[in-house]
Amino acid sequence: MTDRALLDLAVAAAVENVAAGGGPFGALVVRDGEVVATGVNRVTATLDPTAHAEVVAIRAACRALGTFKLDGCVLVSSCEPCPLCLAAALWARVDRVVYAADRHDAAEAGFDDRAFYDLFAKPREEWEVPVVQAEAGDRVAPFTAWASRPDRVEY
Ligand SMILES: [Zn+2]
């Protein structure tokens with residue numbers, strides 16, 4: 001399938017999700033031209049602020065393929081992934097991301113995707129929500145424990 005055909009599927013899933021009472025976002029994970037999984041925004045339905053269409057699709061694709069790595073896959077989204085979803089795509093190691101609407105279209109519809117991208121471009125000192133490093137007993141203890149496990153599963 002072409003990008004255009006896949007994007008049309010993602011957009012159609014998003015429109016259907018609105019009809020079902022959900023948010024206006026849909027996404028697919030595609031491998032070798034085949035749709036592995038579809039996701040739609042489930043934030044309000046599941047009381048989960050991270051249940052964005054792309055995250056839902058990535059989780060479903062990983063379950064379907066029995067893996068936590070989606071190399072060889074493409075993430076197709078009805079809208080430019082927000083920073084959460086873009087990071088999720090990077091963590092999932094997808095080969096490519098393609099989207100239809102952009103952050104400006106989302107902003108016009110009342111969503112904060114562009115606002116968060118703008119925020120990340122500013123120094124943290126200017127953020128309304130403090131994100132600060134503070135003293136802890138042994139801040140690298142988790143990494144020391146991790147490094148000492150020869151059976152660790154790298155991801
Ligand atoms: Zn998102």
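User: Which ring does the charged end of R124 sit over?

Analyst: The charged end of R124 sits over the ring of W127, 5.7 Å from its centre, where the term asks that NZ of Lys or CZ of Arg be within 6 Å of the ring centre and within 35 degrees of the ring normal. In the case of R103, the charged end sits over the ring of Y117, 3.8 Å from its centre. The model is a predicted one, in which local features need pLDDT of at least 70 and side-chain atom pairs count only at pLDDT 80 or more, while totals for chains, interfaces and linings use all residues. Residues are numbered from 1 along each chain as its sequence is written, and side-chain values use heavy atoms, with hydrogens and water left out.

User: How many aromatic pairs does the structure hold, and how is a pair described?

Analyst: A pair of aromatic rings is described by the distance of the centres and the angle of the planes. Rings of Phe, Tyr and Trp (its six-membered ring) pair if their centres lie within 6.5 Å, and planes under 30 degrees apart count as stacked, over 60 as edge-to-face and the rest as tilted. The structure holds four aromatic pairs; among them, F25 and F111 have ring centres 4.9 Å apart and planes at 85°, so this pair is edge-to-face.

User: Are F25 and F111 buried, partly exposed or exposed?

Analyst: Buried means under 20% relative accessible area, exposed over 50%, and partly exposed in between (1.4 Å probe, protein chains only). F25 counts as buried because its relative accessibility is 12%, whereas F111, at 31%, counts as partly exposed.
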